[in-house]
Amino acid sequence: MFTPKKYFVIGAYCLFAMAFSPNSQLQKWVLVHGSSLKIDGSTNVNHFTCEISNYSEPDTLTVHKNSNHKDQSLPFKGVLTLDVMNFNCHNAMMTKDLRKTLKEKEFPRFHIRFSSISSLPQLKAAQEAITGVVEIELAGVIKQFNVNYQLSLDAHNTIHLVGKRAVTFSDFNLQPPRKLGGMIQAKDKLDVEFHLLMKEIN
Amino acid sequence: MKKILTYGLIAGIILSVISYGGLFLAIMFLPSLFVDYNNPLFNSNGSRDLMFYAHAFIISFALSWFWERFKGQFHGHFIWRGLEFGFVYAMIALLPVMWISFSAMDITVQMVLSWLLYGFVQAFAAGVLFAKLNP
C-alpha cells in the first residue's frame, strides 16, 4: 500500500537521482567585463574592422550535458543583446555608415542566441576546438549559423570562448552600402568574431 | 537652341567618358582618397544612380547654354578659351557651393578640393570642345 508519504519519498529520490546522474551535468558561465565582438569587412577602397568592446552585461550561458540528445550535440543556452550604436569602426564616418546600414533607428539592438555545442568543454589551458550553433537576430531577421569555437581557460580561471563565422549582409536582407553610383561598393561578406570572457558558477 | 542642345549632347557624351572614366581610374589607383565616401551623407542604396550618371549631361547642357550666351567674352586660342571658361565656371559656380558645403556638411577638405578640381576639369574640357565646335 503506497501512502502519500511513500510517494513523496520516491519522488524526492527520483529527483535526486536525476540531478546527480552521471549523464546529466550542468555548467553555468557568467560573462565578465571585457568581452567583445568584431566584424571585419571590406569595400573596393578599404578594409574595415568594427567592434563592440568591453561588453559587460552579466549574461549567463549554460551547457547541459544530456547523453539522450538525438544528434549528440549539447544544449548551450544564453543570449547576448548588443546595441548597434556601440559599434566603433575607428573612423567616425564609417561608424555612422555601418549603423545606418544595420538600420539602427528601426532595430537598435541585435541578439546572439546560443543554441548548442558539439561536446562538453574540458576547460583547460590548451585551446579546445568545438563547434556549435547560434541564432543571430539582426535588423529584424533571425538566422541560424554553425560556429567554430576556440575554448580555453586562463591562469585566472577565466573562460575564453572565441567564436568565428562568416556571414553576409544579404543573410539579413541588408544591402551592402554602395556609393557614387556603385563605384565604391562594400563586399557582401563579413567575418564575425566574438570573444567572450566568462567565469564558471555553480 | 538647336546648337545648345546638339553641342550639349556631344559634350555630355565626352564628359561622361572623361568624368566617370577618370573617377573609375582614380578609385582603382588611389583608393585611399575615397575612404571617406563611406559616409551616411552619401546615398548608399542605389536609388539615385541614374541621377548620378546623368550629371555629365546636366552640366554639359548648362555649360553649352552658358557658352552660347557668353562665348564672345573668351578670346584667343581654343585651349586658352576653354581654360578661361573652366576658371570662370569654377570661380562663379563651384567655389561658393564648395564653401557652403564644407561649412555645413561633415565632409573633408580633401573631398571639397577634389570636387572643385573635378568640376574645373569638366568645364575646361567642355570649354575646349565648345571653342572648337561652336567658336
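Predicted model: local features only at pLDDT ≥ 70, side-chain atom pairs only at ≥ 80, totals over all residues.
Trainee: What makes up the fold of chain A, helices or strands?
Mentor: Both: chain A has 2 helices and 12 strands. From the N terminus the order is α-β-β-β-β-β-α-β-β-β-β-β-β-β.

Trainee: How do you know what share of chain A is buried?
Mentor: A residue counts as buried if 20 or more other C-beta atoms lie within 10 Å of its own. In chain A, 26% of the 202 residues are buried.

Trainee: What makes you say that chain A touches chain B?
Mentor: Two residues are in contact if their C-beta atoms lie within 7 Å. By that cut-off, 18 residues of chain A are in contact with 18 residues of chain B. The largest share of chain A's side, 5 residues, comes from α2(A). By class, that side of chain A has 7 nonpolar, 6 polar and 5 charged residues.

Trainee: Over in chain B, how do you know what span to expect for α4?
Mentor: Take 1.5 Å times one less than the number of residues. Helix α4 of chain B, residues 109–133, has 25 residues, so 36 Å is expected. From its first C-alpha to its last, α4(B) reaches 36 Å, close to that expected value.

Trainee: Which residues of α4(B) are called buried, and why?
Mentor: Among them are G119(B), F124(B), V128(B), L129(B) and F130(B). They are called buried because each has 20 or more other C-beta atoms within 10 Å of its own.

Trainee: And what do the buried residues of α4(B) pack against?
Mentor: Against α1 (2–29), α2 (49–70) and α3 (78–104) of chain B.

Note on methods. Residues numbered from 1 in each chain as written. Chains lettered and ligands numbered in written order. Helix = DSSP H or I, 4+ residues; strand = E, 2+ residues; numbered from the N terminus. Buried ≥ 20, exposed ≤ 12 C-beta atoms within 10 Å, placed from the backbone. Nonpolar A, V, L, I, M, F, W, Y, C, P; charged D, E, K, R; others polar.
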